[in-house]
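Work through the exercises below with the sequence and the 3D structure at hand, and try each task before reading its solution.

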Amino acid sequence: MTDKDILTRPIGRSGIEASAVGLGTWAIGGWMWGGTDEKQSIDAIRASVEAGISLIDTAPAYGMGLAEFIVGKAIAGQRDKVILVSKCGLVWHVAEGTYFFHQDGKPVHRYLGPSSIRHEVEESLRRLGTDYIDHYVTHWQDATTPIADTVGELLRLKDEGKIRSIGASNVSEADLAAYLATGALDAIQEEYSMVKRDIETSFVPTCIANDVSILSYSSLALGLLSGKIGPDRVFAADDQRHGNARFSMGNREKVARLMEVIRPIAHHHNASVAQVVIAWTVAQPGITFSLCGARDPGQAIENAGAARLHLTEHDVSTITAGIREHLVDLDR
């Protein structure tokens, strides 16, 4: 793969530019990923930045603040190189909104009340060691708080310079319409990959029409599309992939057949299969960014290479045809 410039794109109409491939830090938080190694995680984040990735995505819920704390340590002294994404709306400091799950023995609720958001942003700024967050996202939606009230507080935080742009994640079509009605939405963040493409018909046309960016997460489908998870891979009991239907033997065999379509393209570009998968993702209409997890420097550098990989139209159409042929009737 030749050394080309990193592909960058704007976050909606915010005026903020970021690398089209971003580093996602859910796994770095350790929760549902079998724990974390702080030094290795810091090295991964720094390697990602050194490789040209500017977009770093984190959230308080990733390890009850642990991922934000690690990100803050890693970016100390190079904040100006990073477009930082964090989130609000999954809370354990109050028991308001709707109960969602337990983490570390504490009940976590979906709640986007204005005073709670203000508390959350201050906590995130403290953990991240910064005085502003470039892109601030409502992590999961709260049916007990009107979206207009939530956005009103986000706009106040924006006016105060604590956040620079506004996003929403895990939305319904009704949620998206309500956010669009405020005129303040810059981006949504949704799951999207070769094995989960439903937003192509639901959200993508609306976002394109309204200049709203899409940050896609799980582009490698929790590693299923990395080209590295074969039939013999065993997952630890506290790894969310353990017992996950998406990682059934049947699915792994279907993905293996798709990998045979992708490998010659990867070889032609002197790239890895994972890099081609990520590059295909950001080549799809409306998919502005691809957030990819990395737990060590090698993974971080590999993911960054995808932002320099330019697939031809023929490459993209060949892969898409392979997806249609091989990824049918997947276990969910």
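**Exercise 1.** Determine how strand β5 runs relative to β9, and how many bridges join the two.

*Solution.* Strand β5 (residues 83-88) and β9 run parallel and are joined by four bridges, where strands count as paired if DSSP finds at least two bridges between them. Within this pairing, S86 stands opposite Y136 in β9. Strands are DSSP runs of E with at least two residues, helices are runs of H or I with at least four, and both are numbered from the N terminus. This is a predicted model, in which local features need pLDDT of at least 70 and side-chain atom pairs count only at pLDDT 80 or more, while totals for chains, interfaces and linings use all residues. Residues are numbered from 1 along each chain as its sequence is written, and side-chain values use heavy atoms, with hydrogens and water left out.

**Exercise 2.** Explain why R246 counts as buried, and find which side chain its own side chain contacts.

*Solution.* First locate R246, which is in the loop between β12 (213-217) and α8 (249-268). R246 counts as buried because its relative accessibility is 13%. Its side chain makes a polar contact with the side chain of E191 at 2.9 Å; such a contact is a pair of N or O atoms within 3.5 Å, where, within protein, one must be able to donate a hydrogen and the other to accept it, and residues adjacent in sequence count only if both atoms are side-chain atoms.

**Exercise 3.** Explain why S54 counts as buried, and state how far apart S54 and R332 are in space.

*Solution.* S54 lies in the loop between α1 (38-50) and β4 (55-57), and S54 counts as buried because its relative accessibility is 15%. From C-alpha to C-alpha, S54 and R332 are 33 Å apart in space, and they are 278 residues apart in sequence.

Methods
Buried < 20%, exposed > 50% of the residue type's maximum accessible area, 1.4 Å probe, protein only.
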